[in-house]
Amino acid sequence: MGGKIKSWKKRWFVFDRLKRTFSYYIDKHETKLKGVIYFQAIEEVYYDHLRSAAKSPNPSLTFCVKTHDRLYYMVAPSAEAMRIWMDVIVTGAEGYTQFLN
């Protein structure tokens, strides 16, 4: 779901463990960067069990990525994809902490 205009848009996400970022683009050609989520900014990743995402196209496949300054609502194409993405994001964010010492 968009940040300023609260409407649902498809986005192409790229997870980069080396740069420790989670970037998103308008499409899979990755020509127009829309935003970057840094691992160190991620506080929580969770299933939207309260159905707080307004007008989600698929509430049962909606999950949230909470950062210091924004709450991202995301919808996966399947339950399996949702579990994989949530696990990858959590693992990446937690893996970031090994570099803090």
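Reader: How many helices and strands are there in the protein chain?

Author: The protein chain has one helix and six strands, where helices (H or I, at least four residues) and strands (E, at least two) are DSSP runs, numbered from the N terminus. Their order along the sequence is β-β-β-β-β-β-α. This is a predicted model, in which local features need pLDDT of at least 70, side-chain atom pairs count only at pLDDT 80 or more, and totals for chains, interfaces and linings use all residues. Residues are numbered from 1 along each chain as its sequence is written, and side-chain values use heavy atoms, with hydrogens and water left out.

Reader: Why does Ser56 count as buried?

Author: Buried means under 20% relative accessible area (exposed is over 50%, partly exposed in between; 1.4 Å probe, protein chains only). Ser56 has 12% relative accessibility and therefore counts as buried. Ser56 lies in the loop between strand S4 (42-47) and strand S5 (62-67).

Reader: What does Ser56 touch, not counting residues up to four places away in sequence?

Author: With contact taken as heavy atoms within 4.5 Å, Ser56 touches Trp8, Thr62 and Val75.
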